[in-house]
Amino acid sequence: MAAPRSPAWNKAPFGNSYDAVARYSCSLPHFCDWIRRGTLQNFPRDPTLDELFEAASAARQNAYAPYSRFKVAASIRTPSGSIYCGVNVESASFPVGTCAEAGAIAAMALAGERVIAEILIVGDGDALVTPCGACRQRIFEFAGGGDPRVHVAGPGGVRTSFSLRLLLPHAFGPNLMPP
Ligand SMILES: [Zn+2]
C-alpha cells in the first residue's frame with residue numbers, strides 16, 4: 001500500500017513559524033539561533049524528498065519494535081539516485097537492538113554504495129525523531145566528505161531538516177584516520 005503523499009513539509013505540525021519550531025525543538029538558545037539563521041528554511045516542495053519519505057513510511061510498517069512500540073524507519077538516497085531503507089529492530093536483550101539508520105546504511109553498503117547524499121528518518125510522537133548520537137557518527141562515516149541533509153519526518157510528512165555538520169560538529173571520521 002502506498003504511503004500517503006507528504007504535505008508541503010514546511011506546513012507540518014509546527015506551522016510556518018521558525019520561532020515555534022525553535023521553541024519546540026530545543027530550549028538551548030544557541031540552537032534556536034542556528035534555526036533562525038537558516039538551518040531550517042522554507043524550502044520549496046521537493047518531489048524527490050516526497051519519494052524518500054514514502055519509501056521510509058512504507059518500510060516503517062515492518063519495523064520490529066515489540067518492546068518500545070516506537071517504530072522508526074530511515075531511507076537513504078545515494079548520489080546514484082538509489083534509495084535504501086532500514087527499520088529499527090529491537091531485542092529482548094535490549095542493548096542488542098539496532099537503529100533504523102544502521103539498517104539503511106547496511107543495505108546501502110550491501111549494494112556496494114558508500115556515500116549518503118541525504119537521509120530521512122520517520123517516527124511518531126510529538127518530539128522530532130532525530131538520529132541518536134551513534135547514528136550521527138554512522139552517517140558521518142558515509143558522508144563522503146560532504147554534508148548530507150538529515151530530514152526528520154513524522155507520519156504526516158517531513159517536519160524539518162538539518163545538515164549533518166550541525167548535528168555532529170567537529171566530528172571524528174575517516175578523514176582523520178592515519179593512512
Ligand atoms: Zn541510532
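Predicted model: local features only at pLDDT ≥ 70, side-chain atom pairs only at ≥ 80, totals over all residues.
**Figure 1. Strand pairing around S1.** Strand S1 pairs with strand S2 (residues 83–87) in the antiparallel sense, over 5 bridges. Its pairing with S3 is likewise antiparallel and has 5 bridges. Ser 75 takes part in both pairings: its bridge partner in S2 is Cys 85, and its bridge partner in S3 is Leu 120. S1 and S2 form a hairpin with 5 residues between them. In the turn of this hairpin, Gly 81 has a positive phi of about 100°.

**Figure 2. The largest nonpolar core.** This core has 39 residues, of which Ala 56, Ala 73, Ala 74 and Leu 120 touch the most other members. At least two core residues come from each of helix H3 (47–60), S1, S2, H4, S3, H5, S4 and strand S5 (157–163). The element that gives the most is H3, with 6 residues. In soluble globular proteins, nonpolar side chains tend to be buried together. Over the protein as a whole, 36% of the 179 residues count as buried. Of the contacts with a separation of 6 or more, 60% are between residues 24 or more positions apart.

**Figure 3. The three cysteines annotated as a binding site.** The unreviewed UniProt entry places the feature "binding site" at Cys 99, Cys 132 and Cys 135. These residues are spread over 37 residues of sequence but cluster in space, with a largest C-alpha distance of 8.5 Å. Cys 132 is in the loop between strand S3 (118–122) and helix H5 (133–141). Cys 132 counts as partly exposed because it has 14 C-beta neighbours inside 10 Å. Cys 135 lies in helix H5. Cys 135 counts as buried because it has 23 C-beta neighbours inside 10 Å. Not counting residues up to four places away in sequence, Cys 135 touches Cys 99, Glu 101 and Ala 102.

Figure 4. The feature "active site" is placed at Glu 101 by the unreviewed UniProt entry. Glu 101 is found in helix H4. Glu 101 is buried because 27 other C-beta atoms lie within 10 Å. Apart from neighbours within four places in sequence, Glu 101 is in contact with Ala 74, Gly 86, Ile 119, Ile 121, Pro 131, Cys 135, Arg 138 and Ile 139. One of these residues, Cys 135, also belongs to the annotated binding site.

**Figure 5. The buried and exposed sides of helix H5.** The buried residues of H5 are Cys 135, Ile 139 and Phe 140. Seen down the helix axis, these residues fall within an arc of 145°, so they line one face of H5. Gly 133 and Ala 134, on the other side, are exposed. The buried residues are covered by elements including helix H4 (100–110), S3, strand S4 (149–154) and helix H6 (164–167).

Figure 6. Most residues other than glycine have a negative phi. Arg 69 has a positive phi of about 55° although it is not a glycine. Arg 69 lies in the loop between H3 and S1. Arg 69 counts as exposed because it has 9 C-beta neighbours inside 10 Å. His 170, also not a glycine, has a positive phi of about 55°. His 170 is in the segment after H6. His 170 is exposed because 5 other C-beta atoms lie within 10 Å.

**Figure 7. Order of the elements along the chain.** The protein has 6 helices and 5 strands. Starting at the N terminus, the elements follow the order α-α-α-β-β-α-β-α-β-β-α.

Note on methods:
Residues numbered from 1 in each chain as written. Helix = DSSP H or I, 4+ residues; strand = E, 2+ residues; numbered from the N terminus. Buried ≥ 20, exposed ≤ 12 C-beta atoms within 10 Å, placed from the backbone. Contact = placed C-beta atoms within 7 Å. UniProt positions renumbered as here; feature names shortened; annotations may be inferred. Arc of directions from axis to C-beta. Pairing = 2+ DSSP bridges. Core = buried A, V, L, I, M, F, W, Y, C linked by C-beta atoms within 7 Å.
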